Structure formats: structure tokens, C-alpha cells
Amino acid sequence: MRIGPIEFITPPLVEGPAIMFHIPLPHFLNQIPFAMEYADGKFGLPVTITVISTWFVILMLALLFKMGTKKLEMIPGKAQIVAESVYEFVYGIIHQMLGDWTSRYFTFLGSLFVFILGCNLLMFVPIPWGGLKDGVFTLAPAFRAPTADLNTTVGLALLTTAVFLGTSVKVNGVLGYFKGLLEPMPFMLPINLVGELAKPTNISIRLFGNMFAGMVIMGLIYKAAPMVIPAPLHLYFDIFSGIVQSFVFLMLSMVYIQGSLGDAQCPNDK
């Protein structure tokens, strides 16, 4: 079989996440939401590049922390140093904001930060994926930053929303939470409701907008100068911006949780 020239392609700049494959479904499940016909009348659940990229990030993080905590030593090895450094750094940031409540929320907030950071930095070292198309061998990025997909950022924002709303209800009670929406005056209820809805909208759109915009800008630069590798811009859009946006999401999540806690004192853990 003759293979034609190798072609380096840049994915379309503005498009939804591509569907990579389908998970087949039995015939009686072909009417469930999100099922779609894909070949020979068969139905399946579409799996997009965002989902595959998310799986890859989760796998890499699991391997990193598994290696770092597999054999803990008083004199740590390199993997343990990395894991401990990440833990102490994130714990310190959360403790400055939440104080005595840190232990209650560290697992959620720490996992949230590390996951978003991994997603944001995924495109810094693009992993190529090759394939044949019309006799031409093409190379394209194997993954796409999950946080450049609104589905991912909205999902993360809804998790944070569930946490700070659950915190508010736990601290103030159901009636106390709804009473707070009437403060300082009952006619403020519509404004307070809009404010509550604006919180997940704010953090989801902010993260998605920055990551997607960075991806589009880098794509435009590569289309304008395909033979030039703009390394300094990669350092900004893929590393600096990715780290900053991870911190912003973490800080806003902590602000919302702290607002729900108010002046409540953390009970002593037994």
C-alpha cells in the first residue's frame, strides 16, 4: 500500500468537540437521551475528544499520586517530593481562606484544583496522533484541553454550587437559607436569586472563555506562521494562563464556600 505525503493539519479553530467513537447500546436502549444512530442503523453513546482527554488527565494524575505515595519514606524520593509539594502548597492556600474548616473541604477543593490544572496544562506538550485519510498520513493533536469545552466547566461549576449550597443549608437550615435570600429586605429576593445563579455562571464561563480563547489565538498564530514555533506564547497561553485560571476557579470556589459558612464555628472533629 502506497502512503502519500505526510500532512500536518491544524484542527478547525471554532468547533465543538469531535466525536471519536460510539459506545454500542442494545436496541431497547436506543431511545435514551444522547443516544444517536452512527452506523448500519445501530445506536450508541458518542464519546468526544473532551471525554477521552478527561480520562487521560485522570489517569496521569492517578499514576502520579500512586507513584508518589506508593512507598512513603522519611527521606522522600522524587515522586514523593512532587506529591508532598503539591499537597502542602494547595493545603496552605485553602487553610488561609477556610481556617478550621480546611479539613472538611480540602479533599474536594484540592482535587478540583489539581484536576483543572492538569486539564489546562494538557496542551502544553501536544501528543500527536496519526492516521490515514485519502492516502495521506495526517498528524493532529491527540487530545484537547477539557476545560476548553463548556460541558466540562459547567459540570465543575455545578459541583461547586452543590457544595456551597449544601454548606449553607447545613449551617443555616433550609428555612434559614431561604430567609437569607430575603435579606436585607424582602424585595431583594429576585436580586439575591440572580446572584446565586450568577455564581456557577461566572466561574464556568470565565474558565471556558479563557481556555478556549487561548486555543483559538494559538491556532491563528500557527495558521499565520506555520513554520514558526512561538514558544514564548505557549509559555503564556498554555502554562501561565492555565495556572492562573486554575487559581481563579479555586479562589472563587473558596469565596463562595466561605460566604456560605459565614461566622459559623467549625465543630471539633471526633
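Good morning, colleagues. Please bear in mind throughout that we are looking at a predicted model.

I begin with the overall architecture. The protein contains six helices and six strands. Followed along the sequence, these elements are arranged as β-β-β-β-α-α-α-β-β-α-α-α. The protein has 270 residues, of which 32% count as buried.

Which residues make the nonpolar patch? They are Met20, Phe21, Ile23, Val51 and Trp55, and the patch they make covers about 440 Å². Two elements, β2 at residues 19–24 and α1 at residues 49–69, each supply two or more residues to this patch. The largest contribution comes from β2, which gives three residues.

Trp55 is located in helix α1. Its relative accessible area is 47%. Trp55 is therefore classed as partly exposed, because that class lies between the 20% limit for buried and the 50% limit for exposed.

Helix α1 also brings us to the last topic, its packing with helix α2, which spans residues 78–98. The two axes come within 7 Å and cross at roughly 110 degrees. How is α1 oriented relative to α2? The angle falls in the range of 65 to 115 degrees, so α1 is roughly perpendicular to α2. As for handedness, α1 passes α2 in a left-handed crossing.

To close, helix α1 links the two topics: α1 gives residues to the nonpolar patch, and α1 crosses α2. Thank you for your attention.

How values were computed
Residues numbered from 1 in each chain as written. Predicted model: local features only at pLDDT ≥ 70, side-chain atom pairs only at ≥ 80, totals over all residues. Heavy atoms only, no water. Patch = residues over 30% accessible without salt bridge, like charges linked within 9 Å, V, L, I, M, F, W, Y side chains within 5 Å. Areas by Shrake-Rupley, 256 points an atom, 1.4 Å probe, with all protein chains shown as cover. Salt bridge = Lys/Arg side-chain N within 4 Å of Asp/Glu carboxyl O. Helix = DSSP H or I, 4+ residues; strand = E, 2+ residues; numbered from the N terminus. Buried < 20%, exposed > 50% of the residue type's maximum accessible area, 1.4 Å probe, protein only. Axes fitted to C-alpha atoms, helices over the stretch in contact; angles between N-to-C directions. Parallel < 35°, antiparallel > 145°, perpendicular 65-115°, else oblique. Left-handed = near helix turned anticlockwise from the far one by under 90°.
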